Amino acid sequence: MSDETTVTRNDARNRYELRLGDELIGRVDYRIDGDVMDMYHTEVDPAHGGNGYGNRLVAHAVADAADTGLMIRPTCPFIATYLDRHPEYAELRA
């Protein structure tokens, strides 16, 4: 198995997916309403916890939303904390 992680946006499932090689190890679930992306759930497989994968996943999701012109409603506490710790994204909060 590869040690390389990738994050992709899966619009069919309304989520960002974090993979380690071919294994799905995390996700951010979202809903889009107009120009607002409600990121309501973040999950990383506990077997892979403590390796910074959650932050990598959320960083990608937030940057992607910004790049596509969407505001973020962080109803997931993990996403809200990430935004609190990264004031450069303050203007993205819906």
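Helices α1 and α2 pack at an angle of about 75 degrees, and their axes lie 11 Å apart. Here axes are lines fitted to C-alpha atoms, for helices over the stretch in contact, and angles run from 0 to 180 degrees between N-to-C directions. The two helices are therefore roughly perpendicular to each other, a label for angles of 65 to 115 degrees, while under 35 counts as roughly parallel, over 145 as roughly antiparallel and the rest as oblique. The model is predicted: local features need pLDDT of at least 70, side-chain atom pairs count only at pLDDT 80 or more, and totals for chains, interfaces and linings use all residues. Residues are numbered from 1 along each chain as its sequence is written, and side-chain values use heavy atoms, with hydrogens and water left out.

From α1, the residues G54, N55, V58, A59 and V62 meet F78, I79, Y82 and L83 of α2. Contact means heavy atoms within 4.5 Å. The residues of this contact divide into seven nonpolar, two polar and no charged. In this count Ala, Val, Leu, Ile, Met, Phe, Trp, Tyr, Cys and Pro are nonpolar, Asp, Glu, Lys and Arg are charged, and the others, Gly among them, are polar.

## The two sides of α2

Which residues of helix α2 are buried? In this helix, residues 77–85, they are I79, A80, Y82 and L83. Buried means under 20% relative accessible area, exposed over 50%, and partly exposed in between (1.4 Å probe, protein chains only). Seen down the axis of α2, the buried residues fall within an arc of 160 degrees, so they line one face of the helix. The arc is that of the directions from the helix axis to the C-beta atoms. As a general rule, an α-helix has 3.6 residues a turn, so residues three or four places apart point the same way.

On the other side of α2, P77, D84 and R85 are exposed. The buried residues pack against β3, β4 (36–44), α1 (53–67) and β5 (71–73). Helices (H or I, at least four residues) and strands (E, at least two) are DSSP runs, numbered from the N terminus.

## The nonpolar core

The largest nonpolar core has 23 residues, of which Y16, M39, V62, I72 and I79 touch the most other members. Such a core is a set of buried Ala, Val, Leu, Ile, Met, Phe, Trp, Tyr and Cys residues joined through side-chain atoms within 4.5 Å. At least two residues of this core come from each of β2 (15–20), β3, β4, α1 and α2. The largest share, six residues, is supplied by α1. In soluble globular proteins, nonpolar side chains tend to be buried together.

M39 counts as buried because its relative accessibility is 0%. Its C-alpha atom is separated by 24 Å from that of D22, 17 residues apart along the chain.

R31 lies in strand β3 (residues 23–33) and is partly exposed, with a relative accessible area of 46%. Leaving aside residues up to four places away in sequence, R31 touches V36, M37, D38 and Y40. R31 and N14 are 17 residues apart along the chain, and their C-alpha atoms are separated by 6.5 Å.

N14 lies in the loop between β1 (5–10) and β2. At 37% relative accessibility, N14 counts as partly exposed. Its phi is positive, about 55 degrees, although N14 is not a glycine. Most residues other than glycine have a negative phi.

## After α2

H86 and R93 are placed in the segment after α2. H86 is partly exposed, with a relative accessible area of 24%. The C-alpha atoms of H86 and A59 are separated by 9.7 Å, and the two residues are 27 residues apart along the chain.

R93 also counts as partly exposed, at 32% relative accessibility. Not counting residues up to four places away in sequence, R93 touches M71, I72, P74, A80, L83 and D84. R93 and D33 are 60 residues apart in sequence and 14 Å apart in space, C-alpha to C-alpha.
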